[in-house]
Amino acid sequence: MNTVEEIRDMLSKEDYTKLKSVIHKYHPVDIAEFFEELSPQESLNLFKILDFDDALQVLEEVDSDKKYFILTKLEANYASKLIAEMSSDDVADFLGDLKEEEKKQILFLVEESVKLDLKDLLAYDKNTAGGRMTTEYIAFSKNLKAKDVINKLAELAPDAETIYYLYVVDLEGRLVGVISLRDLILVPEQTPIEDFMKTDVKKVNVMSHQEEVARLIKNMVF
């Protein structure tokens, strides 16, 4: 009996205590693969025994049909909490796969603060740079010193999807450079970030097709 068959057997017997001990051994990405072989209802029952962090990672990995089924069958507050923790671009891509009536059901679960980000992302075709971008990033004023940025980063990092590079903006909020976490850690703490930021920032138009963006990235020299 393979793992999926074992899971299905425990689900049918409602042996959730044993199921929790078995599923705990697997990474969320592996658990998401099990969902591919389970029925929607079996997937939902398995999903309900996962802790929040694992549930969130699994939800981000499963296909849109399973994602929709699970979210619309969960208690509304819990579903809303899960959606709020997903990256805005992932939610936008998910909504783009749904029919209009299905989209309305999911949007009903979305918090108002998240809807503001989604409104901008949904305005772009999913195959453009705008449709692929995330609205979750960290930017700092060029006038800040390295120590100030590190202190602020400790507060902001949990809300950012990626923090390998930090964006630097001027007083008008315009992008003027980027800094890497490595450089930030290595420079003297009183160094203004504008002194070591990289100003040769590659940009693309939000309407650029994703293939054009991919070609640009492929030809970049790191």
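# Questions on a predicted model

Biologist: In which strand does V176 lie?
Modeller: The model is a predicted one. In it, V176 belongs to the run of residues 175-180. That run is strand β3.

Biologist: Is V176 buried, exposed or partly exposed?
Modeller: The relative accessible area of V176 is 23%. Buried would require a value under 20%, and exposed a value over 50%. V176 is therefore partly exposed.

Biologist: Leaving aside its neighbours within four places in sequence, which residues is V176 in contact with?
Modeller: Contact here means heavy atoms within 4.5 Å, and neighbours within four places in sequence are set aside. For V176 this leaves V168, V169, D170, M197, K198 and T199.

Biologist: How many Å separate V176 and K142 in space, C-alpha to C-alpha?
Modeller: In sequence, V176 and K142 are 34 residues apart. In space, their C-alpha atoms are separated by 8.1 Å.

Biologist: What share of the contacts in the protein chain with a separation of 6 or more comes from residues 24 or more positions apart?
Modeller: The protein chain has 14 helices and 3 strands. Among its contacts with a separation of 6 or more, residues 24 or more positions apart account for 61%.

Biologist: Which residues have the most contacts inside the largest nonpolar core?
Modeller: In soluble globular proteins, nonpolar side chains tend to be buried together. In this chain of 222 residues, 37% are buried. The largest nonpolar core holds 37 residues, and those with the most contacts inside it are L46, F47 and I106.

Biologist: Leaving aside its neighbours within four places in sequence, what is L46 in contact with?
Modeller: L46 is among the residues with the most contacts inside the largest nonpolar core. With neighbours within four places in sequence left aside, its contacts are I7, L11, L19, I23, I31, F35 and L38.

Biologist: How many residues are in the second, separate core?
Modeller: This core is separate and includes L144, I179, L184 and F196. Its count of residues is 13.

Biologist: Which backbone nitrogen does the side chain of N2 reach at 2.8 Å?
Modeller: N2 lies in the segment before α1, the helix of residues 3-12. A polar atom of the N2 side chain lies 3.2 Å from the backbone nitrogen of V4. At 2.8 Å, the N2 side chain reaches the backbone nitrogen of E5.

Biologist: What kind of aromatic pair do Y26 and F34 form?
Modeller: The whole structure has 2 aromatic pairs. In the pair of Y26 and F34, the ring centres are 5.0 Å apart and the planes are at 80°. Planes over 60 degrees apart count as edge-to-face, so the pair is edge-to-face.

Biologist: Which helices hold F52 and Y78?
Modeller: The rings of F52 and Y78 have centres 6.0 Å apart and planes at 70°, so this pair is edge-to-face. The pair links distant parts of the chain, 26 residues apart. F52 is in helix α5 (residues 52-61), and Y78 is in helix α7 (residues 76-85).

Biologist: Which residue lies over the face of F52?
Modeller: F52 is partly exposed, with a relative accessible area of 21%. At 4.8 Å from the ring centre of F52, the residue over its face is K81.

Biologist: What is the phi of E14 near?
Modeller: Most residues other than glycine have a negative phi. E14 is found in the loop between α1 and α2 (16-23). At 58% relative accessible area, E14 is exposed. Its phi is positive, near 55°.

Note on methods
Residues are numbered from 1 along each chain as its sequence is written. Side-chain values use heavy atoms; hydrogens and water are left out. A nonpolar core is a set of buried Ala, Val, Leu, Ile, Met, Phe, Trp, Tyr and Cys residues joined through side-chain atoms within 4.5 Å. Buried means under 20% relative accessible area, exposed over 50%, partly exposed in between (1.4 Å probe, protein chains only). Helices (H or I, at least four residues) and strands (E, at least two) are DSSP runs, numbered from the N terminus. A polar contact is a pair of N or O atoms within 3.5 Å; within protein, one must be able to donate a hydrogen and the other to accept it, and residues adjacent in sequence count only if both atoms are side-chain atoms. Rings of Phe, Tyr and Trp (its six-membered ring) pair if their centres lie within 6.5 Å; planes under 30 degrees apart count as stacked, over 60 as edge-to-face and the rest as tilted. A charge sits over a ring if NZ of Lys or CZ of Arg is within 6 Å of the ring centre and within 35 degrees of the ring normal.
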